[in-house]
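Please look at the sequence and the model together, and keep both in view while reading.

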Amino acid sequence: MTATFRWFLVAVFASHGLIHLLGVVTGFGWADVAQLTKPIGVVGGVVWLVAAVLVLTATVFLAMGVPTWRWAAALGAAVISQIAIATSWQDARAGTIVNLILVMSAGYGFAAGRPSSSKPDTKNVPPRRSPTSVKRRLREVGSKVVS
């Protein structure tokens, strides 16, 4: 993934997570949001809050380039976010597009973080030395220390 595209996704996901906070303030009765016409309630507000936290967590992981578990955070965020959106479908259905992008990002992160084959990774493993060459090398080092 190129850096430009990654930062574009960070901006989209961060906006999506912050928009979820509109459901939180409506659900807890802290403010009336004209764009959300259907009542959300406290339980719905909690769902919107969990969705916002998960989406923003996945966004931070993506921004920091955290490869491990980034995909799981993105997948969990998309699922909970979609549940929150379903509670206010008429008002928030456009967020489904961002959730689909989150799912694709999770799939990409999962695929990129896994080895491409079942063979063990041997790139960073030093070559094995025979016991004879190790003994010879120890004698060479020992004779230099004594001298």
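Predicted model: local features only at pLDDT ≥ 70, side-chain atom pairs only at ≥ 80, totals over all residues.

Residues are numbered from 1 along each chain as its sequence is written, and side-chain values use heavy atoms, with hydrogens and water left out.

**The chain as a whole**

The protein chain has six helices and zero strands, and its pattern along the sequence reads α-α-α-α-α-α. Here helices (H or I, at least four residues) and strands (E, at least two) are DSSP runs, numbered from the N terminus. The chain holds 147 residues, of which 27% count as buried; buried means under 20% relative accessible area, exposed means over 50%, and partly exposed lies in between, with a 1.4 Å probe and protein chains only. Among the contacts in the chain with a separation of 6 or more, 64% come from residues 24 or more positions apart, where contact means heavy atoms within 4.5 Å.

The table sets out two helix pairs, with axes taken as lines fitted to C-alpha atoms, for helices over the stretch in contact, and angles running from 0 to 180 degrees between N-to-C directions.

| Helix pair | Axes | Angle |
|---|---|---|
| Helix 1 (residues 3–27) and helix 5 (residues 95–113) | within 11 Å | roughly 130° |
| Helix 3 (residues 70–87) and helix 5 | 8 Å apart | about 160° |

Angles under 35 degrees count as roughly parallel, over 145 as roughly antiparallel, 65 to 115 as roughly perpendicular and the rest as oblique. Helix 1 and helix 5 are therefore oblique to each other. The contact is made by Leu-9, Val-12, Phe-13 and His-16 of helix 1 together with residues of helix 5 that include Gly-95, Asn-99 and Ser-105. By class, this contact of helix 1 with helix 5 has six nonpolar, four polar and no charged residues; Ala, Val, Leu, Ile, Met, Phe, Trp, Tyr, Cys and Pro count as nonpolar, Asp, Glu, Lys and Arg as charged, and the others, Gly among them, as polar.

Helix 3 and helix 5, by contrast, are roughly antiparallel to each other. Among the residues that meet there are Trp-71, Ser-81 and Ile-85 in helix 3 and Asn-99, Leu-102 and Phe-110 in helix 5. The contact of helix 3 with helix 5 divides into 10 nonpolar, six polar and one charged residues.

Ser-81 lies in helix 3 and counts as buried because its relative accessibility is 0%. Its side chain makes a polar contact of 3.0 Å with the side chain of His-16, a polar contact being a pair of N or O atoms within 3.5 Å; within protein, one must be able to donate a hydrogen and the other to accept it, and residues adjacent in sequence count only if both atoms are side-chain atoms. Leaving aside neighbours within four places in sequence, Ser-81 is in contact with His-16, His-20, Ala-51, Val-55 and Asn-99.

His-20 has its place in helix 1 and is buried, with a relative accessible area of 1%. Not counting residues up to four places away in sequence, His-20 touches several residues, including Trp-48, Ala-84 and Ile-85.

Is Gln-90 buried or exposed? Gln-90, which is found in helix 4 (residues 89–92), counts as exposed because its relative accessibility is 60%. The side chains of Gln-90 and Arg-93 are joined by a polar contact of 3.3 Å.
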